Amino acid sequence: KVKLKKHINKVEDATIKHAHKFIIKRWSNILEVQKHVIFWILTIGILVAATGLQLAWYQSGYKTSAVSSDGTYAEAVLGPIDTLNPLFAITSAEQSASNLVFSKLIRYDKTGNMNFDLASSIDVDKTNKIYTVNIRSDALWHDGVKLTANDVAFTIGLIKNPNVRSVITGWDDVSVKVISDYAISFTLQSSYAAFEHVLSFPILPEHILKDIAPGGIRENNFSHKPIGSGPFAFRLVQTTDASLHREVVYLDRFDNYYAGKANLARYQLHAYESRDAIMRALSQNEVNAAADLLPSDTNNVDQNRYSIVTKSINSGVYAIINTKSPLLKDDDVRQALRYATDTKSIIEKLPDSTKSLDLPFIDSQVQGKFTVPGNDIEKAKNTLDKAGWKLNKDGVRTKGSVELKISVVTMRDSEFEIVLETLVGQWRSIGIVVDTKIVDPNDVTQNVAQSILQPRSYDVLLYRLNIGADPDVYAYWHSSQASNQGSNFSNYSSIVSDDALSSARSRLETDLRNAKYVTFVNQWINDVPAIGLYQSTVQYVFNNKIRSIDDATVLISPLDRYSDVLNWSVGSRGVYRT
């Protein structure tokens with residue numbers, strides 16, 4: 001035991017000596033080595049980072065960012081979707097689907113100008129009554145069948161057939177003749193300068209629908225599984241919430257589209273029953289874009305995630321005066337209403353880009369100098385005084401025992417309701433008693449057309465008129481349209497205006513047409529059948545990571561946002577410069 005103990009002590013002493021010699025005495029050397037190791041690690045890290053930065057800089061010289069060639073665009077629109085047959089498309093969702101799936105002879109391009117779609121050329125004969133349209137030969141239906149002039153003639157036949165009940169009208173007096181597979185002629189009973197604009201109707205496939213009875217077209221399966229010839233082909237429609245009319249139409253890129261392949265691989269139309277539902281969809285990332293919103297809606301959009309574009313369209317909002325109303329037959333009363341109307345204060349409550357609209361069409365459509373009396377409260381009061389409408393002790397205009405009392409009707413719409421409140425306040429300020437009524441066009445129990453529009457059940461109608469790309473406003477102001485089925489909502493009648501409107505639409509000479517419209521406008525201003533308030537706008541919201549409508553896009557109608565849809569994209573990718 002004693003020997004073992006001595007041996008252990010000897011080993012212990014040796015271990016301590018070795019530790020002292022090789023570790024403790026050399027500890028400073030280890031620390032020095034550690035510093036060198038750390039230095040070299042840092043140096044290598046810096047070299048790697050520098051190399052990466054140099055490579056990135058070098059690549060930037062021959063690479064750039066480009067739009068993605070694929071992607072899914074999900075757009076929210078107002079529904080419902082009861083049909084996908086464009087002959088019956090009424091709602092925004094139905095019309096949006098029609099524009100993406102079906103082709104037309106002509107379209108409006110990104111600049112707002114009329115351009116060819118299926119048509120390759122249009123020739124007009126010397127009488128200005130026969131239009132020959134040549135159709136491009138490379139257009140295909142989504143099932144691979146060639147699109148021909150027979151499809152165009154077949155579609156017009158459906159439109160003209162009363163058993164079909166198409167919402168597209170106006171072709172009854174036009175004769176159609178197929179000249180060849182890719183040429184068709186239209187013969188008018190009288191010349192019509194704006195006829196080419198009428199060619200913007202969707203074309204349907206004869207080979208699919210020719211054996212269907214006209215009265216059964218709407219109920220046919222084609223209304224739920226359409227085949228078109230546009231940039232996107234129908235894949236399926238899905239009902240995600242039947243109680244809320246929540247539906248999604250799934251479309252796929254049509255690679256054989258005659259105008260070229262779209263950047264987008266897929267397009268989804270999400271149909272909602274209300275604007276509130278669209279706003280929720282944006283906030284919950286159900287969609288990456290949205291149409292059909294009002295300015296008041298876009299105030300609540302998260303602008304860190306979304307861009308908001310406000311665009312003027314070729315529509316105008318008017319205070320349309322019923323010239324057959326007992327009190328408003330008097331020109332002086334209509335003049336006083338115009339003097340009392342301050343459109344600037346109305347426009348101040350609307351989007352910043354809202355434009356004034358004093359004329360019966362878009363200002364740029366007719367060249368001329370027009371003097372439209374502006375806001376002048378004193379003139380308004382003096383005009384009524386001279387006409388015998390005096391203020392009584394209660395501040396109300398009366399003539400004998402009759403009060404100057406009028407009714408103003410408008411549609412349920414937050415924008416219209418704001419305008420109504422301001423307009424009525426201005427008229428009341430000069431002693432006119434104004435009753436207001438707001439009707440809901442979406443309420444089937446009210447039937448606005450039959451109860452309000454057709455019988456002209458109002459003194460003044462605050463309403464939007466769709467003007468379009470051509471200044472032909474015959475439908476709104478010619479006396480022949482002052483009927484239950486017509487759109488002359490003011491019951492306006494003037495021999496001078498009637499002659500000018502009829503002549504302008506029958507002549508193709510630009511200068512002559514313009515002169516006729518100048519005559520009409522001057523008479524219209526003098527007669528005051530309506531007061532122009534402002535040009536309509538549309539609001540479009542889209543995610544900051546997608547490319548769609550830009551500042552250069554000009555819209556005739558909200559649906560013309562698709563004029564450049566082939567170039568829309570979702571996301572971006574790096575590509576080599578060439």
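How many bridges join E2 to E12, and do the two run parallel or antiparallel? I counted two bridges, and the strands run parallel. One thing to keep in mind throughout: this is a predicted model.

Entry 1: Leucine 78 stands opposite tyrosine 272 in E11. I then checked burial: six of the seven residues of E2 come out as buried, so the strand is largely enclosed by the rest of the structure.

**Entry 2: the whole protein.** I stepped back for the totals. The protein has 16 helices and 23 strands. Of its 578 residues, 47% are buried. For contacts with a separation of 6 or more, 71% are between residues 24 or more positions apart.

At the E9 end I looked at the hairpin. E9 and E10 pair antiparallel over eight bridges, and alanine 233 sits opposite aspartate 252 in E10. Four residues lie between the two strands, and histidine 245 in the turn has a positive phi of about 55 degrees.

Further along the sheet, I found E13 (residues 306–321) and E20 (residues 530–543) running antiparallel, joined by 12 bridges. In that pair, alanine 319 stands opposite isoleucine 531 in E20. Next I asked what covers the sheet.

**Entry 3: helix H12.** I checked its length: 15 residues reach 21 Å from first C-alpha to last, close to the 21 Å expected at 1.5 Å a residue. At the start of H12, a side-chain oxygen of aspartate 413 comes to within 2.8 Å of the backbone nitrogen of glutamate 415. I also listed the buried residues of H12, among them Phe416, Val419, Leu420, Leu423 and Trp427. The general rule to hold against that list is that an α-helix has 3.6 residues a turn, so residues three or four places apart point the same way.

Entry 4: Threonine 537 lies in E20. Is it buried or exposed? Its relative accessibility is 10%, and the cut-off for buried is under 20%, so threonine 537 counts as buried. Its side chain makes a polar contact of 3.1 Å with that of glutamine 539. Leaving aside neighbours within four places in sequence, I see threonine 537 in contact with Thr310, Lys311, Ser312, Pro351 and Thr354.

Threonine 343 is in helix H10 (residues 343–347). At 16% relative accessibility, threonine 343 counts as buried too. Not counting residues up to four places away in sequence, threonine 343 touches Gly532 and Leu533.

**Entry 5: the four-stranded sheet.** Last, I looked at another open sheet, with the order E5-E6-E8-E7 and antiparallel pairing. Its edge strands are E5 (119–124) and E7 (174–180), each pairing on one side only. The twist averages 20 degrees from one strand to the next. E7 and E8 (residues 183–188) pair over six bridges, and valine 174 has leucine 188 in E8 as its bridge partner. Helix H4 (residues 149–160) packs on this sheet, touching E6, E7 and E8, with its direction at about 160 degrees to that of E7.

Notes. Residues are numbered from 1 along each chain as its sequence is written. This is a predicted model: local features need pLDDT of at least 70, side-chain atom pairs count only at pLDDT 80 or more; totals for chains, interfaces and linings use all residues. Side-chain values use heavy atoms; hydrogens and water are left out. Buried means under 20% relative accessible area, exposed over 50%, partly exposed in between (1.4 Å probe, protein chains only). Contact means heavy atoms within 4.5 Å. Two strands pair if DSSP finds at least two bridges between them. The expected span of a helix is 1.5 Å times one less than its number of residues. A polar contact is a pair of N or O atoms within 3.5 Å; within protein, one must be able to donate a hydrogen and the other to accept it, and residues adjacent in sequence count only if both atoms are side-chain atoms. Axes are lines fitted to C-alpha atoms, for helices over the stretch in contact, and angles run from 0 to 180 degrees between N-to-C directions.
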